[in-house]
Amino acid sequence: MASARASYEVEDYLAAWDRLEEARQVDADAPDIPYLRGMVAYARAQVLEEEAAQVYLEEAALSFQKVLEMDPDDDDARFNLAAVYMGLGRWGEAGEIYEELLLRNPTDGRLYQALARAHSLAGDNERALAEEAVGRALRADNPVEDAGIWARRAAERYPESEMAEEYQNHGAPESIYTYTIPGGDLVEVWFYWDDAVVEVFREGGRLGPAFHLPRP
């Protein structure tokens, strides 16, 4: 295992794979082999042509699935499995994993962006637009100081907008994150945590459909 890990760290993925195969022959049930095997197989797939890459991606999927059989709470393995599914074109399954991870990590911006990519590749561009914005806002880490005051003033600034309508119908969200896109437009992400709903607005107009946070 040590030599396989060392080869992986210097990006000699073929040597790492060979060392892991040798380790499996010695102890096929060693608990630390499947995770590293998944990582090596995925990395190996990135430098191969499509047909050969497919074989390694399938091996990576099996390896991370085995990790999760041993430890269902291993979120790193779950995230990596989703990445493998993305490589295999299994976007729906990848999206389900990202949504599952959001149950426990609802403020992790990278998960929204990963989900956006899965939905985009599956052709659901409207959902992807909103999810990408949520992810960018969270990763920018720029929450407003008082969401209630901000929301009221935003509604007053755009009195005939979808944002104003949202404020009138549902009140202020529990938190708001913002970021500015090239050109100067402000994107606001309103988190209604109690209702498990996230709304995205750009200069008062809704940006994509509401995002419904996964619930247990």
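A crossing of two helices is called left-handed if the near helix is turned anticlockwise from the far one by less than a right angle, and right-handed if it is turned clockwise. The views below come from a predicted model, in which local features need pLDDT of at least 70, side-chain atom pairs count only at pLDDT 80 or more, and totals for chains, interfaces and linings use all residues. Residues are numbered from 1 along each chain as its sequence is written, and side-chain values use heavy atoms, with hydrogens and water left out.

**View 1. Helix H3 against helix H4.** The crossing of H3 (33-45) and H4 (50-70) is left-handed, where helices (H or I, at least four residues) and strands (E, at least two) are DSSP runs numbered from the N terminus. The two helices pack at an angle of about 160°, with their axes 8 Å apart; axes are lines fitted to C-alpha atoms, for helices over the stretch in contact, and angles run from 0 to 180 degrees between N-to-C directions. H3 and H4 are therefore roughly antiparallel to each other, a term for angles over 145 degrees, while those under 35 count as roughly parallel, 65 to 115 as roughly perpendicular and the rest as oblique. Residues of H3 including Tyr-35, Met-39 and Tyr-42 meet residues of H4 including Tyr-56, Phe-64 and Met-70, with contact meaning heavy atoms within 4.5 Å. The residues of this contact between H3 and H4 divide into 13 nonpolar, two polar and four charged; Ala, Val, Leu, Ile, Met, Phe, Trp, Tyr, Cys and Pro count as nonpolar, Asp, Glu, Lys and Arg as charged, and the others, Gly among them, as polar.

**View 2. Helix H4 and its buried residues.** The 21 residues of H4 should span 30 Å at 1.5 Å a residue, and the end C-alpha atoms of H4 are 30 Å apart, which agrees; the expected span is 1.5 Å times one less than the number of residues. Among the buried residues of H4 are Tyr-56, Leu-57, Phe-64 and Val-67, where buried means under 20% relative accessible area, exposed over 50%, and partly exposed in between (1.4 Å probe, protein chains only). The buried residues of H4 pack against H2, H3 and H5.

**View 3. Helix H4 against helix H5.** The axes of H4 and H5 (residues 75-87) come within 9 Å and cross at roughly 155°, and that makes H4 roughly antiparallel to H5. H4 passes H5 in a left-handed crossing. Leu-57, Phe-64 and Leu-68 are among the residues of H4 that meet H5, whose partners include Leu-81, Val-84 and Tyr-85.

**View 4. Helix H2 and its cover.** The 14 residues of H2 (residues 13-26) should span 20 Å, and the end C-alpha atoms of H2 are 20 Å apart, which agrees. In H2, Tyr-13, Ala-15, Ala-16, Trp-17, Leu-20 and Ala-23 are buried, and what covers these buried residues includes H1 (2-9), H3 and H4.

**View 5. Val-198 in strand S3.** Val-198 is found in S3 (residues 197-202) and is buried, with a relative accessible area of 0%. Leaving aside neighbours within four places in sequence, Val-198 is in contact with residues including Val-134, Trp-190, Phe-191 and Phe-211. Val-198 and Ala-130 are 68 residues apart in sequence, and their C-alpha atoms are 9.0 Å apart in space.
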